[in-house]
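Dear colleague,

Please find below the structure that I am handing over to you. I would be grateful if you could look through it alongside the notes that follow.

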Amino acid sequence: MKKKYLIANWKMYKTVQEATHFMEALLPQLKAIDGPELVLGIAPSFVHLPTIGALIGDKKSISPLSNSIQLVAQNCHHEAAGAFTGEVSAGILASIGVGGVLIGHSERRSYQKEDNLLLAKKIKRVLENGMQPFLCCGESLEARKSGSHQAVVQQQLQESLAGLTSKEIEKLAIAYEPVWAIGTGQVAGLDVITEMHTFIRKFLSDQCVSEKVPILYGGSCNPQNVKAIFNCPNVAGGLIGSASLQVDQFMKIVMALLE
Ligand code: PGA
């Protein structure tokens, strides 16, 4: 059975107290679930990573699923080290037990002007440090309207994965997140999701990359719509923003993925 993935992207939400309360409520609920085929990632603010890491470590005995909880960072710098005030390197993240890093989230592409060539460097840093890159891709509304959505995603993948061997690409996860669906309440239709995930799968297999590379969907997922999304072909799980901020909603999404 293929692994399923669910990543909670908390963006710039939650104080450390709120993050702690969330985890203290979430972890015991995972008790009821068994099945190690799920990777449950929590991507909080950098500041909260050690706190959350310690809470996950404490609860390892609670359920087999606790072993599948992964600390995920929302970003990292593209250089290994240096005079980059305010930045965090992949090596620093690995040294505190982070297992995965979001790369190229659309908010960073848009507000920090991150481009595919920069993302390619970040991916290499993440891999060098033994972590899993979660490469985000997705088209704008204009690209969708003009019919260039596949070309945009193809270019994002081609340029960000340039220089990697197929074995290296097999260590990644891809998250398809159409920009117009992120934080808007306007989830992509099942036909749109199926078409793009099939397209990404074909792109990967053309690079001789195994079917095992998970392709996640993100953008306005909620407990009501996820079941149908997770049932689409080539959807290995979700990258969840606002619906990951409340434990009860997030747990409903976990259950929908495992059903
Ligand atoms: P959303 O965010 O679920 O709030 O749309 C998803 C994301 O930004 O990863």
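How many of the residues of S5 are buried? Six of its six residues are, and the strand is thus described as mostly covered. Please bear in mind throughout that this is a predicted model.

**Strand S5 and its neighbours**

Strand S4 (residues 100–103) runs parallel to S5, and four bridges join the two. Within this pairing, Ile103 has Leu135 of S5 as its bridge partner. S5 is also joined to S6 by four bridges, again in the parallel sense. Here Phe134 stands opposite Ala173 in S6.

**The barrel as a whole**

These strands belong to a closed barrel of eight strands with parallel pairing, in the order S1-S2-S3-S4-S5-S6-S7-S8. On average, and with direction ignored, neighbouring strands of this sheet are turned by 25° against each other. Strand S7 (residues 215–218) pairs with strand S8 (residues 237–240) over three bridges, in the parallel sense. In that pair, Leu216 has Gly237 of S8 as its bridge partner.

Helix H11 (residues 247–258) packs on the sheet and touches strand S1 (4–9), strand S2 (38–43) and S8. The direction of H11 makes about 165° with that of S1. Helix H9 (residues 190–206) lies across strand S5 (132–137), strand S6 (173–176) and S7, and runs at about 150° to S7.

**The ligand**

Which residues come nearest to the ligand? Of the 13 residues around the ligand, they are Lys11, His105, Glu177, Gly183 and Ser220. A polar side-chain atom of Lys11 lies 2.7 Å from an oxygen atom of the ligand. The ligand taken alone exposes 280 Å², of which the protein buries 98%.

Ala73 is placed in strand S3 (residues 69–73). Ala73 counts as buried because its relative accessible area is 0%, and buried means under 20%. Leaving aside residues up to four places away in sequence, Ala73 touches Phe46, Leu49, Leu93, Val98, Gly100, Val101 and Leu102. Val98 is 25 residues from Ala73 along the chain, and their C-alpha atoms are separated by 6.9 Å.

Asn116 is found in helix H5 (residues 116–128). Is Asn116 buried or exposed? Asn116 counts as buried, because its relative accessibility is 9%. The side chains of Asn116 and Glu159 are joined by a polar contact of 3.1 Å. Not counting residues up to four places away in sequence, Asn116 touches Arg109, Gln155, Gln156, Glu159 and Ser160.

Arg144 lies in helix H6 (residues 141–146). With a relative accessibility of 18%, Arg144 also counts as buried. Again not counting residues up to four places away in sequence, Arg144 touches Glu139, His149, Tyr176, Trp180, Val192, Glu195 and Met196.

With kind regards

How values were computed. Residues are numbered from 1 along each chain as its sequence is written. This is a predicted model: local features need pLDDT of at least 70, side-chain atom pairs count only at pLDDT 80 or more; totals for chains, interfaces and linings use all residues. Side-chain values use heavy atoms; hydrogens and water are left out. Two strands pair if DSSP finds at least two bridges between them. Axes are lines fitted to C-alpha atoms, for helices over the stretch in contact, and angles run from 0 to 180 degrees between N-to-C directions. Contact means heavy atoms within 4.5 Å. Buried means under 20% relative accessible area, exposed over 50%, partly exposed in between (1.4 Å probe, protein chains only). A polar contact is a pair of N or O atoms within 3.5 Å; within protein, one must be able to donate a hydrogen and the other to accept it, and residues adjacent in sequence count only if both atoms are side-chain atoms. A residue is near a molecule or strand if one of its heavy atoms lies within 4 Å of it. Accessible areas come from the Shrake-Rupley method with a 1.4 Å probe; for residues, only the protein chains shown count as cover.
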